[in-house]
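Reader: I am new to this structure and would like to learn how to read it. Please take me through some features one at a time.

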Amino acid sequence: MIHTHHNYDLSALNTMALSATAATAIIIDDESVLPSLQLAAPWMVLSGGSNVLLPHHIEATVVMPRMMGKKVIAEDADSVTLEVMAGENWHDLVSYCTAQGWYGLENLALIPGLAGAAPVQNIGAYGVQLEDALVSVRVYEWQTARFETLTKDQCQFAYRHSIFKDDPDRYLITAITLKLHKDSTKTMSNYGDLHNHATDLAAQDGRSSITPMDVYHAVIDIRNSKLPDPKQLPNCGSFFQNPIISADQYQSLLEQYPTMPHYPMADGMVKVPAGWLIEQAGLKGGGIAPILTHTKQALVLTNHAPLIATQNDIAATAKHIIDAVAAKFGIRLVREPVWIDRDGSHH
């Protein structure tokens with residue numbers, strides 16, 4: 001069905017807790033109604049609101065996909081292929097799959113948002129990205145009024161990037177298809193402090209080897225210890241992308257900062273943790289009130305004036321951090337959340 005609302009309050013539908021309303025909001029809980037939907041420009045899609053920065057009022061029509069459901073479409077002794085509708089809660093999906101013995105998503109536990117938004121920025125954590133498990137994405141193309149299935153390659157995934165970011169008004173994601181494995185000995189745990197914590201959990205259970213369930217619980221423990229609950233302290237998760245620099249630039253910086261952590265990339269480039277750069281710039285817990293970096297994780301910007309702070313407040317703190325890191329390291333941080341303008345355009 002299509003549910004249409006006017007002057008719709010979005011304040012509780014963005015995890016940064018910015019006061020926001022939409023001139024018109026359309027909630028869709030059945031993808032079959034999409035061909036009958038007549039949208040007047042401008043319009044935009046809003047999923048779970050965990051990676052967006054909203055203005056006080058959006059003149060555009062806000063479309064909110066809330067289609068629910070998941071089903072197994074193929075299964076054998078080694079793997080399962082699962083179709084998940086766009087409105088499913090992401091963390092609930094990860095918990096369900098891990099409990100079923102379907103593995104590959106456990107590193108992505110506790111990431112807020114809905115399944116339909118996951119391909120947009122190719123969500124990732126602890127050495128795993130969505131593309132590692134994704135088979136395809138079902139989309140509705142607005143211009144042709146047709147449903148299509150895009151393969152993983154057609155999604156043009158990169159680090160925190162996809163075709164859906166390049167051409168945000170072309171498609172509405174209605175479902176994703178994932179292929180998960182059943183091998184309980186296969187994990188991706190050698191990232192940051194994840195391995196040690198997962199090893200401890202296994203040892204508590206009298207085991208020497210790490211299982212995907214250990215990784216799942218370790219990720220949740222670590223995220224809970226470092227990241228604020230948006231319901232308690234509004235935030236939109238990691239605010240900056242981890243910069244990827246040349247090996248030469250990294251070696252030059254390493255001479256000045258011997259403890260700089262890094263993660264080598266397959267193409268010879270080097271990923272550097274943005275949170276570490278911000279902390280070294282002296283801004284852990286800092287910023288320009290009421291938008292401050294979190295005291296336990298400098299990568300997260302938190303809102304200390306819910307429903308009062310504005311996009312301008314966020315922009316001021318973001319610029320302050322970007323300038324400080326650039327001055328110290330010669331690296332310019334890039335914002336991760338999507339910035340929404342009054343007309344619904346985003347960048």
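Reader: Which residues does UniProt place under the feature "active site"?

Author: The model is a predicted one. The UniProt record, an unreviewed entry, puts "active site" at R160, S238 and E336.

Reader: Where is R160, and what is its phi?

Author: R160 sits in the loop between β11 (146-151) and α2 (163-166). Its phi is positive, about 55 degrees, although R160 is not a glycine.

Reader: Which residues does a cis peptide bond join?

Author: The bond joins A289 and P290, with an omega of about 10 degrees. P290 belongs to the loop between β17 (287-288) and β18 (291-293).

Reader: How is the protein divided into domains?

Author: There is domain 1 (2-65), domain 2 (70-181) and domain 3 (235-339). Between the C-alpha centres of domain 1 and domain 2 the distance is 21 Å. To their contact, domain 1 gives 12 residues and domain 2 gives 14 residues.

Reader: Which residues does the UniProt annotation "domain: FAD-binding PCMH-type" cover?

Author: In the unreviewed entry, that annotation covers residues 16-183. Over residues 16-183 the chain is 9% helix and 38% strand. The end C-alpha atoms of this stretch are 38 Å apart.

Reader: How are two packed helices described?

Author: One gives the angle between their axes and the distance between the axes. Take helix α1 (residues 90-100) and helix α4 (residues 212-226): their axes come within 10 Å and cross at roughly 155 degrees. An angle over 145 degrees counts as roughly antiparallel, and α1 and α4 are therefore roughly antiparallel to each other. Their crossing is left-handed.

Reader: Which residues make the contact of α1 and α4?

Author: From α1 come H91, V94, S95, T98 and A99, and from α4 come M213, Y216 and I220. Sorted by class, this contact has 5 nonpolar and 3 polar residues, with no charged residues.

Reader: How do the axes of α3 and α4 cross?

Author: Helix α3 (residues 194-204) and α4 have axes that come within 9 Å and cross at roughly 120 degrees. The two helices are therefore oblique to each other. The crossing of α3 and α4 is right-handed.

Reader: Which residues of α3 and α4 make that contact, and how do they divide by class?

Author: On the α3 side the residues are L194, H197, A198, L201 and A202. On the α4 side they are D214, V215, H217, A218, V219, D221 and I222. The residues of this contact divide into 8 nonpolar, 2 polar and 2 charged.

How values were computed: Residues numbered from 1 in each chain as written. Predicted model: local features only at pLDDT ≥ 70, side-chain atom pairs only at ≥ 80, totals over all residues. Heavy atoms only, no water. Axes fitted to C-alpha atoms, helices over the stretch in contact; angles between N-to-C directions. Helix = DSSP H or I, 4+ residues; strand = E, 2+ residues; numbered from the N terminus. Parallel < 35°, antiparallel > 145°, perpendicular 65-115°, else oblique. Left-handed = near helix turned anticlockwise from the far one by under 90°. Contact = heavy atoms within 4.5 Å. Nonpolar A, V, L, I, M, F, W, Y, C, P; charged D, E, K, R; others polar. UniProt positions renumbered as here; feature names shortened; annotations may be inferred. Domains from an automatic or database assignment.
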